[in-house]
Amino acid sequence: MNRYLPNRHWLLLCLLLTSYTLRAQPGASVQTTVGHFLSTLSPDEQTKATYAFSDTTRRKWTNLPVGMVPRPGIAYGALTDQSRMAFHRVLSSLLSSQGYLKVVSIMALDDILNTLYQQAFDAGKIDQRTLTMMQNLKWAHGNFYISIWGKPQEKAPWGLNFGGHHMALSITVNGGDVITSPMFYGTDPSEVKSAKYAGLRVLSKEEDYGFMLVNALTDKQRAKAVLPQAVPKDIITSPQANQRITSYYGLSAGDFSDDQRVILTMLLQEYMHNFEHQTAHRLYDKLLKTGFDKVYFAWVGSLENNKPHYYIINTPDFLIEYDNVGFQNDGNHIHAILREKGNDFGDDLLKRHYAEAKH
């Protein structure tokens, strides 16, 4: 029997795959899962969760604890089991398996953090005042807030934000297009060092691949890439800071060897592949189109873990920042962000949408 499909079978297969691809557009998938999530909410819950797409609050984000900066929307902890299950479908329609596990693990890490502070108090390592101050920050698995901006539909843009301590997921959707900028995520501790979850590292590869890359550089390359300055106490482009990064620092990937470029690719994809397949490849294809020669990598701080360190990857299209310092200056508290330049909250997408709508 001929092991190759006849031409007409190839044509049928191509048509089926094309049809599946159209139906499986990330925007359509997210629209369906968000619509189902909203249908599980009561009228009062829907009122809490939904806002006008034009509301400027959509663009305000923070990584600070809810006890310091309240969030719009409905708390995950206030949802019924049915609504929680539906929201997990939303997350898995937006994110890859690695991205999904990072998000839900960051949520769980807040409960672990509370436990660690309670254990420190019980052991006499901190006083009641410190424990109460930490508890008032309201770190908790349930204190992450969901907000829907506009109506999930095909003909007009809409958005979804999901945020809490160390999590700011900002999604803008228009038809089949999904914009995921900015995405901030972090961990405290970055490595749990005691009790039941000792050894847990939720953002292990953001850290490990960074160290792999800077330590793979030659002495001459490292002299360019490692900047002689103090480690920033946070990412420079945090919403609490006015400073922005407009210059390119460090070493161009055009000066990397093939092996070094492989490690850089691993690191870039660790950030981009947090999203579902088509979105991740849209981001990476955009990077490839501009070219690796225009990717710059810079490092600040220690070349060993458990000591303060920072890196930045800057390209014409993207900015990645990673900072690991911590309140105890022990390199055990990660902040990381991926931004698609000019497209935060879908700015570029919306410009094209409104231009086409006028036409």
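In the predicted model, helix H9 (residues 258–272) packs against helix H10 (residues 277–290) at an angle of about 140°, and the two axes lie 9 Å apart. H9 and H10 are therefore oblique to each other, angles over 145 degrees being those that count as roughly antiparallel. The crossing of H9 past H10 is right-handed. On the H9 side, the contact is formed by Thr 265, Leu 268, Gln 269 and Met 272, and these residues meet Ala 280, Leu 283, Tyr 284 and Leu 287 of H10. Classified by residue type, the contact of H9 with H10 comprises six nonpolar and two polar residues, with no charged residues.

A further helix pair is formed by H5 and helix H6 (residues 128–135), whose axes come within 10 Å and cross at roughly 170°. This angle makes H5 roughly antiparallel to H6. Here Tyr 117, Gln 118 and Phe 121 of H5 are in contact with Gln 128, Leu 131, Met 134 and Gln 135 of H6. The contact of H5 with H6 contains four nonpolar residues, three polar residues and no charged ones.

The largest nonpolar core contains 69 residues, among which Phe 162 and Phe 297 touch the most other members. Helix H5 (residues 97–122) supplies the largest share of this core, seven residues. When residues up to four places away in sequence are not counted, Phe 162 touches Phe 87, Leu 91, Val 103, Met 107, Phe 144, Tyr 145, Ile 146, Met 167, Ala 168 and Leu 169. A second core, separate and made up of 10 residues, includes Leu 227, Val 231, Ala 298 and Leu 319.

How values were computed
Residues numbered from 1 in each chain as written. Predicted model: local features only at pLDDT ≥ 70, side-chain atom pairs only at ≥ 80, totals over all residues. Heavy atoms only, no water. Core = buried A, V, L, I, M, F, W, Y, C linked by side-chain atoms within 4.5 Å. Buried < 20%, exposed > 50% of the residue type's maximum accessible area, 1.4 Å probe, protein only. Helix = DSSP H or I, 4+ residues; strand = E, 2+ residues; numbered from the N terminus. Contact = heavy atoms within 4.5 Å. Axes fitted to C-alpha atoms, helices over the stretch in contact; angles between N-to-C directions. Parallel < 35°, antiparallel > 145°, perpendicular 65-115°, else oblique. Left-handed = near helix turned anticlockwise from the far one by under 90°. Nonpolar A, V, L, I, M, F, W, Y, C, P; charged D, E, K, R; others polar.
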